[in-house]
Amino acid sequence: MAAGYAWFLVLGSVFLCNLMKTLLPSISSFLSKLVQKDAEQESEMRAEIHEMKKEQSTISMMDEFARHARLERKINKMTDKLKTHVKSRTAQQAKMKWVVNIVFYILQAALMISLIWKFYSDPVTVVPSKWIAPVERLVAFPTGVAGGVGITCWLVVCNKVITLGLHAIS
Amino acid sequence: MEPGETTEEKTMSAAQRRAEIRRRKLLMNSEERMNRIVGYTKNDSESSASRRSTEPHFHLDLARTEPVSSSSSPKPSSGHGSFSETLCGSLEDDLAGIRKRTRGDRVSDDLNSSPRPGLQKYLSRFDDAMKLRGQLANEKPAQDGGSDLDEFDPFIVFRLVGSVLLAVFVRLFVCKYLSIFAPFLTLELAYMGLSKYFPKVEKKAQTTVLTAALLLSGIPAEVINRSMDTYRRMGDVFADLCVYFFTFILSHEILLLFGSETP
């Protein structure tokens, strides 16, 4: 495995984790949209309020007070309903965001622990030890293989490089 | 009717006059009344009258060199002058926007007049901390928005590109003869020299909670600024090292993959 693509596996995992972290807000909003089925109802209510306001503006308050007041009451009622609806939707979105974050961090931790577990004694890649001369032990930690690049070092390096790259792109 | 009307008018005008006098009296004594409510003695209010014209000027001084504790110690002879002077020295330039306490500083006064100077000091610091927290919360969105400026610092881009190129070069020609960290250290030395020739991007002083906490605990602003600067430089070097090592390993693996070289 040391001679294979372990370095690439770790790199890919770190890249995926970072990418997911960047996309986390979009994912949570997408999921909350999926979960909420009454989004259409909300837009309908908005349209209805808009229509009623339009209609109210055409009515003279002096000449047709009763009709105007009735419409006003209707608008108020609908607005209150919409407010309640939006409030519940926002609360649900916040909850969804929280759940998505928690799930993501648990998965990330599990992935990192499993990677460290797997490559605890095998280096992800090997180079001649004199190339990384004064710090070969540090680089090889925790494998102890001379010239090996340990999982810890490689995770740190990949994480930093990918963070820089993603930051530059975004 | 005539005399009745005139007396009524007179009484009305007298009542109005009384009301006016009362109103004036209230307005004239408003400060005193307020002081009485707040709990100041007359002497306190008189001594503070001279500085009433100065507006409250909140400011967290990162350029201040003296610790807060030293300046806020009670000085019976100097009154309230010294603390405000040390506070508002040259900080405005460094961290415009992070506030501290009132210029006409109340701490020294309170320390002189209050029977519980420790409590007053504590309350004053607590007040500062609360204001700082509020400002940090306000600054956060602005900092998030302005973080892009750091990204386009040409020197940082230059450093990263240089590290990548050096890593490829070292893998191709140098690593057989020398440790890969020797050229990297040389490159970092070169960057230190070259940094003078790059336009300095004005880095916004970031007010972190740590900075605020250190400042409030009396550590001189100069020390905090230098530490932050050193920390930033170390971060840059670490980023260079990561990019360099990553590129080196990547190019090594690519060379191995195509079988053109064996280690």
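A polar contact is a pair of N or O atoms within 3.5 Å; within protein, one atom must be able to donate a hydrogen and the other to accept it, and residues adjacent in sequence count only if both atoms are side-chain atoms. Between chain B and chain A, 6 residue pairs are in polar contact, both residues being at pLDDT 80 or more.

The structure is a predicted model, in which local features need pLDDT of at least 70 and side-chain atom pairs count only at pLDDT 80 or more, while totals for chains, interfaces and linings use all residues. Residues are numbered from 1 along each chain as its sequence is written, chains are lettered from A and ligands numbered from 1 in the order in which they are written, and side-chain values use heavy atoms, with hydrogens and water left out.

The interface may be considered next. Contact (heavy atoms within 4.5 Å) involves 25 residues from chain A and 21 residues from chain B. The buried area, that is, the accessible area (1.4 Å probe) that two parts lose on being put together, summed over both, is about 2,000 Å², and carbon and sulfur atoms give 81% of it. Phe245(B), Phe246(B) and Glu253(B) supply 28% of the area that chain B buries against chain A, more than any other three residues.

Helices (H or I, at least four residues) and strands (E, at least two) are DSSP runs, numbered from the N terminus. On the side of chain B that touches chain A, helix H9 (154–174) and helix H12 (221–258) each supply at least two residues, and H12(B) gives the most, with 12 residues.

H9(B) and H12(B) also pack against each other, at an angle of about 35 degrees and with their axes 8 Å apart; axes are lines fitted to C-alpha atoms, for helices over the stretch in contact, and angles run from 0 to 180 degrees between N-to-C directions. Among the residues that meet are Arg159(B) and Leu160(B) in H9(B), and Asp236(B) and Asp240(B) in H12(B). Arg159(B) forms a salt bridge with Asp240(B), the closest N and O atoms being 2.7 Å apart. Because Arg159(B) lies in helix H9 and Asp240(B) in helix H12 of chain B, the pair ties together parts that are 81 residues apart in sequence. Over all chains, the structure holds 11 salt bridges.

Two loops complete the account. Ser217(B) is found in the loop between helix H11 (209–216) and H12 of chain B, and its side chain reaches the backbone oxygen of Leu214(B) at 2.9 Å. In chain A, Pro142(A) is found in the loop between helix H4 (136–140) and strand E2 (148–149). A cis peptide bond joins Phe141(A) and Pro142(A), with omega about 5 degrees.

How values were computed
Salt bridge = Lys/Arg side-chain N within 4 Å of Asp/Glu carboxyl O.
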